Amino acid sequence: LDISFEIKDKILEIVKGDITLRNTDAIVNAANKYLQHGGGVALAIVRRGGDIIQAESNMIIRNQGPIPTGKAVYTSAGNLKSKYVIHVVGPDYNEYAPDAATEFLKMSINSCFDLALKLRLKSISVPAISSGIYGFPKDRCADILIQETFKHLEKRESLKRVEFVLFDEITADIFANTAKKYF
Ligand code: AR6
């Protein structure tokens, strides 16, 4: 399953696969506020990318303390094909009321886009932030992430290509069906 959608001269792609194998300018990591990459997509990223990603993450925490929910920081990408890993702290669905969790997830994806512009990236790969260990319902996660992406790609100054990379078929189908609503 690989579906693409166009808006103006920009592309949104829905990909079923492993985000650590993509060759966009940056991949997004669904991190925790201590940037300890011990499970889920975070662990997959440090396993394939190498120790430098955890080492640079530790340096960020040493310098600026824990990362607030909704904020993104970046490191290099070690052995991955991308130039950067953007680490974003999505909301833990068990820690917030649903409305607050929604706002934090919007903030999370927009923090990634802000950093992408700052780094002058053309393309970015994004996982289903917060929808694994953090328990955010997948259909609402897809709705929020895709709606915010649509709004971003409508802007003149934006990424050229955003791809959502979903690990399993069920999540990929949810994202594909959601994208059809907006694009
Ligand atoms: N490629 C793409 N997606 C993946 C991959 C992969 N290689 N591996 C898992 N996913 P999660 P969260 C999907 O739990 O919910 C970590 O321990 C997975 O199926 O990685 O934001 C962090 O350090 C799910 O749909 O992130 C934090 O402590 C999605 O990625 C905490 O988990 C996100 O699942 C963050 O939890």
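## Exposure classes

Buried means under 20% relative accessible area, exposed means over 50%, and partly exposed lies in between. This is a predicted model. Y96 has a relative accessible area of 24%, so Y96 is partly exposed.

## The sheet

Seven strands make up the sheet: it is open, its pairing is mixed, and it holds 7 strands in the order β1-β2-β7-β6-β3-β5-β4. β1 (2-7) and β4 stand at the edges. Each has a single partner strand, so one side of each is left without a neighbour in the sheet. Neighbouring strands are turned against each other by 20 degrees on average, direction ignored.

Strands of a sheet pair through backbone hydrogen bonds, parallel or antiparallel. Here, strand β2 (residues 10-16) runs parallel to strand β7 (residues 161-166), and 6 bridges join the two. Within that pairing, V15 has V165 in β7 as its bridge partner.

How many of the 6 residues of strand β5 are buried? The count is 5, so strand β5 (residues 84-89) is largely enclosed by the rest of the structure.

Strand β5 pairs with β3 and with β4. Strand β3 (residues 26-31) runs parallel to β5 and is joined to it by 6 bridges. V28 stands opposite I86 of β5. Strand β4 (residues 72-76) runs antiparallel to β5, with 5 bridges between them. A72 stands opposite V88 of β5.

## Aromatic pairs

The model has 6 aromatic pairs. One of them is Y74 with Y84. Their ring centres are 5.4 Å apart, with 90 degrees between the planes, so the pair is edge-to-face, since planes over 60 degrees apart count as such. This pair links distant parts of the chain: Y74 lies in strand β4 and Y84 in strand β5, 10 residues apart. Y74 has 34% relative accessibility, so Y74 counts as partly exposed. Y84, with a relative accessible area of 23%, is partly exposed too.

Y96 pairs with F104. The ring centres lie 4.8 Å apart and the planes stand at 50 degrees, so this pair is tilted. Is F104 buried or partly exposed? At 21% relative accessibility, F104 counts as partly exposed. Elsewhere, ring pairs link F5, F150 and F183 into a cluster.

## P66 in its loop

P66 sits in the loop between α2 (51-64) and β4. The relative accessibility of P66 is 48%, so P66 counts as partly exposed.

What does P66 touch, leaving aside residues up to four places away in sequence? Its contacts are K33, Y34 and I61. R48 is 18 residues from P66 in sequence, and the two are 24 Å apart in space, C-alpha to C-alpha.

Terms used. Residues are numbered from 1 along each chain as its sequence is written. This is a predicted model: local features need pLDDT of at least 70, side-chain atom pairs count only at pLDDT 80 or more; totals for chains, interfaces and linings use all residues. Side-chain values use heavy atoms; hydrogens and water are left out. Buried means under 20% relative accessible area, exposed over 50%, partly exposed in between (1.4 Å probe, protein chains only). Helices (H or I, at least four residues) and strands (E, at least two) are DSSP runs, numbered from the N terminus. Two strands pair if DSSP finds at least two bridges between them. Axes are lines fitted to C-alpha atoms, for helices over the stretch in contact, and angles run from 0 to 180 degrees between N-to-C directions. Contact means heavy atoms within 4.5 Å. Rings of Phe, Tyr and Trp (its six-membered ring) pair if their centres lie within 6.5 Å; planes under 30 degrees apart count as stacked, over 60 as edge-to-face and the rest as tilted.
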